[in-house]
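I opened this notebook to keep track of what I looked up, entry by entry. The entries follow the order of my searches.

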Amino acid sequence: MSAAATSPAVGSFYLRRRSPTVSMPRFRMAVRSAAVSLTPLLTKLHNDSATPLPLLRHVAESMASDMRAGLAVDGGSDLKMILSYVDSLPSGNEEGLFYALDLGGTNFRVLRVQLGGKDERVIATEFDQVSIPPELMCGTSEELFDFIASGLAKFAQKEGNNFHLPTGTKREIGFTFSFPVKQTSIDSGILIKWTKGFSVSGTAGRDVVACLNEAMERKGLDMRVSALVNDAVGTLAGARYWDDDVMVAVILGTGTNACYVERVDAIPKLQGQVSSSGRTIINTEWGAFSNGLPLTEFDRDMDAASINPGEQIFEKTISGMYLGEIVRRILVKMGEADALFGESVLEKLSAPFLLRTPDLCAMQQDASDDLQAVGSILYNVAGVESSLSARKIVVDVCDTIVKRGGRLVGAGIVGILQKMEEDSKGLIFGKRTVVAMDGGLYENYPQYRRYLQEAVTELLGTEISKNLVIEHSKDGSGIGAALLAAANSSYI
């Protein structure tokens, strides 16, 4: 999963408290003219962003088609369809002490779990989080991994009486590494490039697991990595441990991704490689999907101004990194062309990524008659005064963009399920099937969740959609990595 933007104003998705008061207007606003003249702009926005059922069907079918093309040959479609090399999914029989390390941003998390098999499952867990000093984010590979290994060593030293390592074994780690990697086996992967503000020298082109193992050796830490995964794969594994019907996992936060359980014989590009279980997890990298999406002039302008124009179009349409920026660009045009905010100066609102997705969410939760919270956010965040009619228009714009995003995600999920069903009739639609969801956007934005679910129900019909469970799997990727370390342990 990637989230390509350079603005520090866009971080992980969370809701901030805003002052409920709105400063008194310093001038009179052209309320009626703004409301009337905006109708054509709003109408065009509604039309360009519309996601009627035929369009959603096309998106779902295109997703399935692009998946097949990506499985046939590397570079066969926008979807990379990356092999995870996860052959053994957690079964619930796993026993022993396992660790997880999650590196995906300016912090890294460490976790340990004591597993007790079918009867006891998870006996105990502990975790810690460590901030990475900014200088290490642009230092050397050895410096960064030595720092991580030191943090892991300190965490291991605090191992309490609830945790017991079986005799004759060493501690094993599941390593969640959410940067672009070309995976070469379950416990190795070559770093393609650093993202998210990291610019560490000496790592690109190297096996990140080897970098960590060498650092642990230097620190005298007797551990080994037995599974390298990304956050989507970790989420699927963590949810699957508790529920055998989990077949798909989707991350919806600042960025987005999806993975699913695939039959090995349905992956032509594997070229004869065998799997002990006959199945594996495929990391779709679906943020790169672009076929048939309903794009507006604001999407195209944002894409052109991005650091990766023409790439990650699905992600730019549906993920938390971009929803606020799309709405901001719409409001700037409405402010300039139709005086939506009267005589307010739009200088502050003109700053890219000023408006964040949590701001949209907070405005959509405002149920007051005068939309006071909406006015407060517009004034405190965007620096503009607003009439009640202007606030209603702002909420309408937020809803239009969020509705499109949620419904497109629903179509993407159905596309994955349709591809799986076409390969194995009755595998998906003939029984209970679970899609595990994680990420702050999904967790914190109720309207987004509702639009997603509505699109799935429309596409599948009431009867089939009764068998489909879309459930939140909060922070599942951490424990999922530990479970994959257990399922792929060298001692089983």
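This is a predicted model: local features need pLDDT of at least 70, side-chain atom pairs count only at pLDDT 80 or more; totals for chains, interfaces and linings use all residues.

**Entry 1: Ser49**

I looked up Ser49 and found it in helix H2, which covers residues 39-49. Is Ser49 buried or exposed? Its relative accessibility is 3%, so I put Ser49 down as buried, the cut-off being under 20%. I then asked which residues Ser49 is in contact with, leaving aside its neighbours within four places in sequence. The list I wrote down is Pro294, Thr296, Thr400, Ile401 and Arg404.

**Entry 2: cavities**

I searched the whole structure for cavities of 30 Å³ or more, and the search gave four. For the largest cavity I noted a volume of about 70 Å³. Which residues line the largest cavity? I listed Leu41, Lys44, Leu45 and Asp48, then Thr296, Glu297 and Phe298, and finally Ile330 and Met334. Thr296 was already in my notes as a contact of Ser49.

I next sorted this lining by helix. H2, helix H8 (297-305) and helix H10 (320-338) each supply at least two residues. H2 gives the most, with four residues. Sorted by class, the lining of the largest cavity has five nonpolar residues, one polar residue and three charged residues.

**Entry 3: positive phi**

I looked for residues that have a positive phi without being a glycine, and I noted Met81, with a phi of about 50°. Met81 sits in the loop between helix H3 (53-72) and strand S1 (82-83). Its relative accessible area is 0%, so I count Met81 as buried.

Arg121 is another such residue; its phi is positive, at about 55°, and it is not a glycine. I found Arg121 in the loop between helix H4 (117-120) and strand S4 (122-131). Is Arg121 buried or exposed? With a relative accessible area of 17%, Arg121 is buried, because the class takes in values under 20%.

**Entry 4: aromatic rings**

I describe a pair of aromatic rings by the distance of the centres and the angle of the planes. One of the pairs I looked up is Phe177 with Phe179: the ring centres are 5.1 Å apart and the planes stand at 50°, so the pair is tilted. Phe177 and Phe179 are both buried.

Tyr241 and Trp242 also pair, with ring centres 5.1 Å apart and planes at 85°, which means an edge-to-face pair. Tyr241 is buried, at a relative accessible area of 1%, whereas Trp242 is exposed, at 54%.

Which residues form an aromatic cluster with Phe177 and Phe179? I noted Phe175, Trp194 and Phe198.

**Entry 5: charges over rings**

The charged end of Arg121 is over the ring of Tyr241, 4.9 Å from the ring centre. I recorded Arg109 over the face of Phe127, at 5.6 Å from the centre of that ring.

Lys403 has its place in helix H13, residues 388-423. At 35% relative accessibility I class Lys403 as partly exposed. I checked the C-alpha atoms of Lys403 and Arg449, which are 46 residues apart along the chain; their separation is 9.4 Å.

Ile428 lies in the loop between H13 and strand S12 (433-438). I class Ile428 as buried, with a relative accessible area of 2%. Its C-alpha atom is 6.7 Å from that of Leu417, 11 residues apart along the chain. Which residues does Ile428 touch, not counting residues up to four places away in sequence? I wrote down Met247, Leu417, Met420, Glu421 and Thr433.

**Entry 6: Arg57**

I found Arg57 in helix H3. Arg57 is partly exposed, with a relative accessible area of 40%. Arg57 and Asp222 are 165 residues apart along the chain, and I noted 52 Å between their C-alpha atoms.

Key. Residues are numbered from 1 along each chain as its sequence is written. Side-chain values use heavy atoms; hydrogens and water are left out. Buried means under 20% relative accessible area, exposed over 50%, partly exposed in between (1.4 Å probe, protein chains only). Contact means heavy atoms within 4.5 Å. On a 1 Å grid over the protein atoms alone, a cavity is a set of points where a 1.4 Å probe fits but cannot get out, and a pocket is an open set with protein on both sides within 12 Å along at least five of seven lines; lining residues have an atom within 4 Å of a point. Grid points are joined across faces, edges and corners, and a volume is the space filled by probe spheres set on the points. Ala, Val, Leu, Ile, Met, Phe, Trp, Tyr, Cys and Pro count as nonpolar, Asp, Glu, Lys and Arg as charged, and the others, Gly among them, as polar. Rings of Phe, Tyr and Trp (its six-membered ring) pair if their centres lie within 6.5 Å; planes under 30 degrees apart count as stacked, over 60 as edge-to-face and the rest as tilted. A charge sits over a ring if NZ of Lys or CZ of Arg is within 6 Å of the ring centre and within 35 degrees of the ring normal.
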